[in-house]
Structures are given as structure tokens and as C-alpha cells.
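Subject: Structure handover

Hello,

Here is the structure for you to look over. My notes follow below it.

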Amino acid sequence: MINLRDFMVSHKTTIRELLVAIDRNAGQLALVVDSAGRLQRTVTDGDVRRALLDGMELSDAASALPPKTPWIIEEHQDPAAAHSLMQEHGINAVPQLDSSRRPIRMFRLSDFDAKVWLSTPHMGADERRFVDEAFDTNWIAPLGPNVDAFEQEIADYIGVSHAAALSSGTAALHLALQLLEVGRGDIVFCADLTFVASANPIVYQGAEPVFIDCEADSWNMSAGALEAALRLAAESNQLPKAIIVVNLYGEQANMDALLPIAERYEIPLIEDAAESLGATYRGRHSGTFGKLGVFSFNGNKIITTSGGGMLVGEDQKLIERARFLATQAKESAPYYLHKTIGFNYRMSNVLAGIGRGQLQVLSERVAARRSVYQNYKEQLSDIDVLTWFPDRSHSKSTHWLSAILIDDPTHNFAPGDLIDFLARHDIEARRIWRPMHMQPVYAHAKALSISGGMQSARHFSRGICLPSGSNLTDGQQQRAIDLIRRYFRAR
Ligand SMILES: *Cc1c(COP(=O)(O)O)cnc(C)c1O
């Protein structure tokens, strides 16, 4: 991502340094600032070209360039004003200045000419190299050195002993249930406020899901509801075979409270960390709290292999068995021998190459998403009907998606209404996950709450996810912020 800093040069600079800055930011513009950081002028590549043709040297001071009034917008102006200036004057970038003329952000033409998406793939510098290696060695499939290395690198990164690379996060969840011997007639507890992929594998196994409500503050599984559900289940001798806890939008579920409850009843916990790769909770990596942890590398996730998943855990036997089951449960024999029903769930060596490249930039991607969230929160802090997804001190969320609740007793604002408004301006926002107990496909499943009605349903009726990609530009996010502000002001 190009930062404001990439545009800025000191007023004492030379023509050569100006050219370097213009080249670096690809915006065909440099901002010349004085020692207090105030804008003196803008310089385009055209300005430099004309000056060189007029006989200036690369080593000459930039201050010798002919004076020019810069095109800028003021702090109180809408991003649309920057867009108009660009269109009128055929320029590619316009800075926004604060009241003392210090640049606070850049708008580029590309911020306006494309739709702003919720979350899109964001490649780094090395993915192609790992993929090329796979092509050069003809190690396209199956498995191969990228798969082995990707598993090891993920394990090292999050501090877990074993990892199996799979074709999707859903496959990883399915295998996790298989490994814990969940079968026909068994019960599995699952977080209610989540994506449907958390729950479907329970049904693949012929087992029955029971959905556990979320708590109001972390939006994740409520320890109180879990405890109540387990107590009831124990009374009727119907304890679950496993508990699937989800770390929603990158925020860790309350493991301090949930783990001891699961331990007391001796129920293994599966951690669906599809949205929280790179997050930590009390300094420990997300995905390492359960008996088994699951990650997803789907295209919209924090890092992607275009499609893929990973199953992690401390138990070597379980992870080795996952690899076995994921390759059609092929026994080691001189012919095709199968004693178990297996699956075709392994990750290909080409895709694992993408994953290795992506893993190298994971911490940058987490930092970028966190700063997108912070920026929304800071700039929209005065809109008092908004409640922000929690940012708790003992956990470091990935803020995979920046999520808000609209708490409006007057019902002037509605999530669907804001989403439509943003869509009309080419900005994609979405409702938060529709809870499992509200899905027609799970209409007959049990759901358990302790808060008098499902908290997840209350969140759903008010919640929105905003564009949150790590590749969102400053200007694009500002467009979204400006429109959200306009929406709440106009009604
Ligand atoms: C994305 C996601 C999954 C599924 O991962 P896939 O790789 O798309 O199969 C599971 N659970 C949650 C919470 C997710 O967000």
C-alpha cells in the first residue's frame, strides 16, 4: 500500500529526489513540504520534464522550479471534491490538507474508478516465486515440497507442533469431527453466530448440531450459555461429542472462561480460527487453544491460497491421521488398499506455494486490517448510534472485517438501508453472519441462550461489516467514511 509519506519530499530537495518520489508513489506527483510539514507546492512529472527541457539539472534545487498553485482539497471537503479536481484538470492525485496546510491524505484517481470491495485477495512479492518453483520442477500435484514447507511454516508461526494442509477450512472442520469420532446420532455444540461452514460438517457426519448463543460484548460463544447447555445435556445424558468455538471476525472467543467448562465435562474443543489467523489472546496465537484448530485460506480471508485450509494441533497422531484420511485413506501397501472411507482433501503443491508467499506478509496484513478498523473507529467516533466491534486489551484481533452495530432506538437507520446507500456509491458492505438458528436449513436444530432470546439475533438485526481489505487505500476508505457520515447526517 502506498503511504502519504511516499509522496512527501523536503523543500530542500533536488530535482533528482523529486523524480525518485514521483516514481515511488506511482501517482505522478510529489508533495514538497517545509520543515513544519506544511505543503509548499505540488510537482508533477510533467513539471519536471518541462524544467529539464528548459535546461535545469537533476542536481538543481527543487525550489528553483517555476511557482505553481497546487490543486488541493481542505479538511472539511468531501473526497468527491478531489475527484472533481482530477477530472477537471487531468491530474492523477490530489492531497487533502489540514487547517495548517499539512497533508493528511492523498486521493488518487484509482480510488474513485473502481468498486470498493469488502475483502479481496492481497498478494505479496513472493507468491509467484514459490508457484514458479512448483512449475519449474513439474511438482504441480499432488502434495510436494511447498505443502510440507507451508505446514511447517504455519506451525512455527503460531507455535503449534503439527499442521496438515487441506483443500479448505470446511474440509479441516470435517476432518476434525471425523478424528474426534463424531458419528451418526452424536451431538455437537457449535457457536450460533458464525458462517454456515462452521456447522455443516456436523451434518456431514450424521450428527446433530446444538447452537450456543453469543455474548453481547465479544460476539463469540457465551460461557454462561455453554455451561447451561452442558448442564442440561448432562441431566438428559446427551453430552456433546465436541464443541466448535468460532473466533468471529478475528476476535478470540473468551477462552479463559470456555476452556475450563469444556475441560470439566471432558469435551474436546475445536477452534474454528478461519477468521483469526494471526490474532493472539493473552499472547498466545489463535487456533492453538482447542484440541484441534482450523484455518481457512479462502479468497476473502486474511491470507489466501485462492482456496485452502489447515488443521493444526499438538497431537501428532491426530494430525497424521488427518493427512491419511485426506488422501483417500490409502494404506501403505504395494497396491491400492483401503480399510477406511477417506476423502480427497489435500492441498495442492501449487496452492501451498501461494500460501508460503502469503505467510511472509501475514503480520503486515494483520497490521493493515487493524489500522483500517482503527481509522473507521476514530473518524466515526462522534456518530453515537454506532457500537464498534470490541477491541479488548488482552486480545489482539485481526479485525478481519470491521464490524459495527447500529443502536438506534428511533429506527431511523437500518443496516440494509446503509448497505444499499453504500452500494449505490459502488461500495460493498454486508450484514454480519446470519445466525445458524435463523437459517432455514437449521430451523429444527436446538439453540440455547441465557439472555432471554438469542443475543445473536439482536446483533444480526443491527450489524454491518464494512470494507476491510488490507489492500484498501486511504482514499477508498475515506470515500466509505465520508458516505457513512453523510448517511447518518441526512436522516
Ligand atoms: C471461511 C470460514 C470457514 C470455511 O472456510 P473455507 O476455506 O471457505 O471452507 C469456516 N468458518 C468460518 C468462521 C469462516 O469464516
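Which residue forms a salt bridge with Asp34, and how far apart are the closest N and O atoms? The partner is Arg38, and the closest N and O atoms are 3.1 Å apart. Bear in mind that this is a predicted model.

Salt bridges

The count comes to 19 salt bridges. In the pair above, Asp34 is buried at 16% relative accessibility, whereas Arg38 is partly exposed at 38%.

Asp47 and Lys68 also meet through their side chains, with 2.5 Å from N to O. Asp47 counts as buried, at 13% relative accessibility. Lys68 is partly exposed, at 32%.

Arg102 pairs with Asp98, and here the closest N and O atoms are 3.7 Å apart. Arg102 is partly exposed, with 35% relative accessibility. Asp98 is buried, with a relative accessible area of 15%. There is also a network: Asp47, Arg50 and Lys68 are joined by salt bridges that share partners.

Helix packing

Helix H7 (residues 169-179) packs on helix H11 (residues 316-326) at about 115°, and their axes are 10 Å apart. The crossing is right-handed. H7 contributes Leu175, Gln178 and Leu179 to the contact. From H11 come Leu318, Arg321, Ala322, Leu325 and Ala326.

Single residues

Gln477 belongs to helix H16 (residues 474-490). Is Gln477 buried or exposed? Gln477 is buried, because its relative accessible area is 4% and the cut-off for buried is under 20%. Setting aside neighbours within four places in sequence, Gln477 is in contact with Val372, Asn375, Tyr376 and Leu472.

Gly453 is in the loop between strand S20 (446-448) and helix H15 (455-462). Gly453 is partly exposed, with a relative accessible area of 43%. Not counting residues up to four places away in sequence, Gly453 touches Asp213 and Arg458. Gly453 and Ala234 are 219 residues apart along the chain, and 23 Å separates their C-alpha atoms.

Surface

Leu19, Leu52 and Leu58 make a nonpolar surface patch of about 190 Å². Of these, Leu19 lies in helix H1 (residues 15-25). Leu19 is partly exposed, with a relative accessible area of 31%.

Best regards

Conventions. Residues are numbered from 1 along each chain as its sequence is written. This is a predicted model: local features need pLDDT of at least 70, side-chain atom pairs count only at pLDDT 80 or more; totals for chains, interfaces and linings use all residues. Side-chain values use heavy atoms; hydrogens and water are left out. Patches are made of residues with over 30% relative accessible area and no salt bridge: like charges are joined within 9 Å, nonpolar side chains (Val, Leu, Ile, Met, Phe, Trp, Tyr) within 5 Å. Accessible areas come from the Shrake-Rupley method with a 1.4 Å probe; for residues, only the protein chains shown count as cover. A salt bridge is a side-chain nitrogen of Lys or Arg within 4 Å of a carboxyl oxygen of Asp or Glu. Helices (H or I, at least four residues) and strands (E, at least two) are DSSP runs, numbered from the N terminus. Buried means under 20% relative accessible area, exposed over 50%, partly exposed in between (1.4 Å probe, protein chains only). Contact means heavy atoms within 4.5 Å. Axes are lines fitted to C-alpha atoms, for helices over the stretch in contact, and angles run from 0 to 180 degrees between N-to-C directions. A crossing is left-handed if the near helix is turned anticlockwise from the far one by less than a right angle, and right-handed if clockwise.
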